[in-house]
Each structure stands twice: as structure tokens, then as C-alpha cells.
Amino acid sequence: MTQSNTLNIQTFLNESRFSPYQWTVFALCFFVVLLDGFDTAAIGYIAPSLLKEWGISKPALGPVLSAALFGLAAGALSAGPLADRFGRRLVLTASTLLFALASFACAYAGSLDELTVMRFVTGIGLGAAMPNAVTLISEYCPDHRRSLITNAMFAGFPLGAALGGFLAAWMIPQWGWRSVLVLGGVAPLALVALMAVSLPESIRYMVARKQPAERITKVLARISASAAGARDFVLVEAAPKAAATAKTGLGLVLSKSYLVGSVMMWLAYFMGLVIFYGLINWMPLLLKDAGLDPKTATLISALFPLGGVGAIFFGWLMDRANGNKVIAAGYVATALFIFAIGQAVGNVGVLVVLVLVAGTLMNTAQSSMPALAAGFYPTSGRATGVAWMLGMGRFGGIVGSMLVAELSRRQLGFAEMFTIIAIPGLIAAGGLLVKQMAHPETPAEHDATVGEAHEHAQEARLGGH
């Protein structure tokens, strides 16, 4: 076989310009995540209308509000291994279809029990879609732009959640709360139709699974015509331990070579969501109890979810520096500003700034974690690795709400509560530093790993006729 007929996939992606075809993959994944954010947040926007129309109490909404969180965890934990076995495209398309149909079903629920069940099913689809969107786009990225592009795609989630709020405020007075859920079904159904026509399978997955060379070449040629003559493919993995790549899915994620890094990323993402959901669900009440009027407390609290777009800047940093240390610094800064919120309740102006900055740092660090996970695992376990981090982290959201509820029951002061809520940020940062020590990531080491893989390219050859 001549050298001209052998193509190194990652070298090809690194040396080719980011083509319109790759931007199409980005756009489809971005809109999946945007609609994921819309549907995840939708239940919160329609909750007041549910209380009024069905004449129920706030505690009765608890199962409905938490059902999607459990579904998100179940969807993420199951979808990763499925995607590593059957492909990213199939699982991503199927999960998007699932949450579209389930959202439709929610719109026509006739009782609280029906709505609870369908929100759980919606959560399964939402939880399965997000990690596969992250995995798919990351496997079409050049090394030097992977974190930036992946984080930019993931920024669709907070944008979708915010868009849902604006649309719900306009739609509910005109057409009722069910219209929001109908839109949450129609939009992803239209997207599924586009995905069926335009979304390709991950090119790295196709090579790793030794799919026909003609199929692989057809996709690569849409990125650059230079791939047209390729008939054999090399897949280079910059992995912590080359031997671990013999394993796939959860076996790889939990293998000795990856276990410490996996658990530390789970810990970091879990702790981040302890902070996020604890404050999202309770900050308005905490501020109100501290003496602010309800309207001011609500407006200030609404600043906290903003700032996810800052992950694009972190992605740029992660492509140029150590990702573990960049995100760890974000979590430490989050903890400091959350602590500061507890000291500033008497000054509304300062409080506004602190809540906005803390929220920006929190969302930026948290939104950067999927890109970190996608870069940590090789192709054979990437979907499972990303999905399990997201899935295990979802339980942090449940714990966060329970933690603040318990602190309130114990009647801790405002400053004491925010001091305790800040601690998970330090734990998250510590977890990433432990990951860095267990799996050092330096530019020199990365280059050496890739160089060594090139030397053994012929032995690592995958694909072919």
C-alpha cells in the first residue's frame, strides 16, 4: 500500500480547514443542545400556570420537577455505552426523537401523575442527547480547536434555557402552558428530519469500528478533496495508557488506566451541580428571607444562570493551556464569589455584581467539563466517558436542592449558608487537580504521545476494504 493511500484521521482533521460540512455537524449538534436546554427548563416556566389551572399546592409539584432530573441521569448513563456500541448518530437521533415525542405527550397530560411519568421519559431523551452531541462534534474537531468548538456548541444549553423563558412569557398568556410543551415537541421533530438527512456518523467511530473504506472516504472527501484517494486509515489516540484502548465503553472508563480521572471528573461535575441547582432552586427564597423584597430577590437570582457563553473563552484557554487547571481555577473563583455573596446581603448593588460574576464563573466552569471529558477518553470509550460524567453529576443536582433545604431547616444564617454552599466549588477544583496528578496533561507530553503513535502507525492501522 502506498503512503498516499494511507490517511491519519486526526492529522487530516488538524491540517484541513474547518469545512462547511463540519460546520453543519456543529450546527445540528448546537440545536440539539439548545432544544435540550429549552425542554429541560420548560417545566419551571409552566409551573405557576400548573398550580393555578389544576389547583394544586407547591409541594405537589415536587415529583414533577424532580422527575426530569432522574430521567436525565438514567438517559446519560445508558446512552453512552449504547453510542460506543451502535454509533453516535443513531443514539443522538433516537434520543432527540424521544424527547420530542415525550414533550408532546406532556402537553396533553390530564393529571399530575401522567405529567410526572412523561417528564421522566422526556428526561431520558434529554439526558441521552447531550453527551452524544458533545462526543460527535468533538470527534470532528482538530486538536488545536477541540475545546473551543465543543464549548461553543455546549453554550447552546443555557441559551436554550433562556430562550424558553422569553418564549414562555409570551406564549402562556396567549395560548396557555401546554403551548410551550407543544413547541418543545415540534422543534426537535423538525430537527430530527434534518439530522436524518444531513448528520453523519462520527468519522473516528467509523474508523475505530472498521467500517467500509468507501463510506469513510465519502465523508472525509466532503471535508477536503485531499482524502479522495485514501483506502486505509490510521487512528491515533493520545490516551493515558495505550493498552487501555483495547477495552471499550464502561470497561475502558473504569479501567485502571482511566479510573482515577473518571472518578475525579464525576466528583467535579457532581459538586458543580450541587452549587448550581442548590442556588437556582433556593436563592430567591434565601434572599427574601434575608430582607429583600420578593421582586428584587427574584430579579437578582435570575442573574445566576447567565454566563454560560463564557465557556467559549474557557475553551480557547483550554486549547492553549492545561484544561484541568483552567477549570479548577474557575471552580475556586466560583467558591470565592459565592462566599462573598453571603457577606453582601446589606448592599443590593454589590449583591447584583457578585451574583452575576459567581453565576458566570459557575456556568463557565461547569459547561467546560464535557470538553475536558471528550479530550480525556479515546474513541472506544468517549461517548460512555462523557455520558457517565454527565449522568453521575445529575445526582449532584438532587443533592444540592436537598442540602439547601436541610440548611434552611436548621435555620443557619445567610452568611453561614453561602459559606457551606461555596465548599463544593473547592472540592470540585481539588478533584481536577487530583486528576492532573494522576494523568498529567502537558503540551510536551501530548506531542510525545502523538509522535510515538505516528512511529507505530503501521501497527495501529485500522479500517481498509
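1. Which residues form one aromatic cluster? Phe-18, Trp-23, Phe-26, Phe-30 and Phe-31 do. Rings of Phe, Tyr and Trp (its six-membered ring) pair if their centres lie within 6.5 Å. Planes under 30 degrees apart count as stacked, over 60 as edge-to-face and the rest as tilted.

2. A word on the basis. This is a predicted model, in which local features need pLDDT of at least 70 and side-chain atom pairs count only at pLDDT 80 or more, while totals for chains, interfaces and linings use all residues. Residues are numbered from 1 along each chain as its sequence is written, and side-chain values use heavy atoms, leaving out hydrogens and water.

3. The structure holds 14 aromatic pairs. One of them joins Phe-414 and Phe-418, a tilted pair with 4.7 Å centre to centre and 40 degrees between the planes. Both residues sit in helix H18 (residues 414–438), and they are separated by about one helical turn because they are 4 residues apart. Helices here are DSSP runs (H or I, at least four residues), numbered from the N terminus. Phe-414 and Phe-418 are both buried. Buried means under 20% relative accessible area, exposed over 50%, and partly exposed in between (1.4 Å probe, protein chains only).

4. Next, the surface. Phe-70, Phe-120 and Phe-395 make up a nonpolar patch there, with about 250 Å² of accessible area together. Such areas come from the Shrake-Rupley method with a 1.4 Å probe; for residues, only the protein chains shown count as cover. Patch residues have over 30% relative accessible area and no salt bridge; nonpolar side chains (Val, Leu, Ile, Met, Phe, Trp, Tyr) are joined within 5 Å, like charges within 9 Å. Phe-120 belongs to helix H5 (residues 112–138). Its relative accessible area is 32%, so Phe-120 is partly exposed.

5. Gln-22 lies in helix H2 (residues 20–54). It is buried, at 1% relative accessibility. Its side chain reaches the backbone oxygen of Tyr-140 at 2.7 Å. Contact means heavy atoms within 4.5 Å. Beyond neighbours within four places in sequence, Gln-22 is in contact with Leu-13, Arg-17, Ile-137, Tyr-140 and Ile-223.

6. Leu-136 is in helix H5. With 0% relative accessibility, Leu-136 is buried. Leu-136 and Cys-29 are 107 residues apart in sequence, yet 7.9 Å apart in space, C-alpha to C-alpha. Not counting residues up to four places away in sequence, Leu-136 touches several residues, including Val-25, Cys-29, Arg-88 and Leu-199.

7. On to charges. A salt bridge is a side-chain nitrogen of Lys or Arg within 4 Å of a carboxyl oxygen of Asp or Glu. By this rule there are 7 salt bridges. Asp-84 and Arg-88 form one of them, at 2.8 Å, N to O. Both Asp-84 and Arg-88 are buried.

8. Arg-382 and Glu-139 form another, at 2.5 Å, N to O. Arg-382 lies in helix H17 (residues 382–409) and Glu-139 in the loop between H5 and helix H6 (146–154), so the pair ties together parts that are 243 residues apart in sequence. Arg-382 and Glu-139 are both buried. Asp-84, Arg-88, Glu-139 and Arg-382 are linked in a network of salt bridges.

9. How many residues apart in helix H17 are Glu-406 and Arg-409? They are 3 residues apart, about one turn of the helix. Their side chains meet in a salt bridge (2.7 Å, N to O). Glu-406 is partly exposed at 28% relative accessibility, whereas Arg-409 is exposed at 57%.

Definitions and conventions
Helices (H or I, at least four residues) and strands (E, at least two) are DSSP runs, numbered from the N terminus. A polar contact is a pair of N or O atoms within 3.5 Å; within protein, one must be able to donate a hydrogen and the other to accept it, and residues adjacent in sequence count only if both atoms are side-chain atoms.
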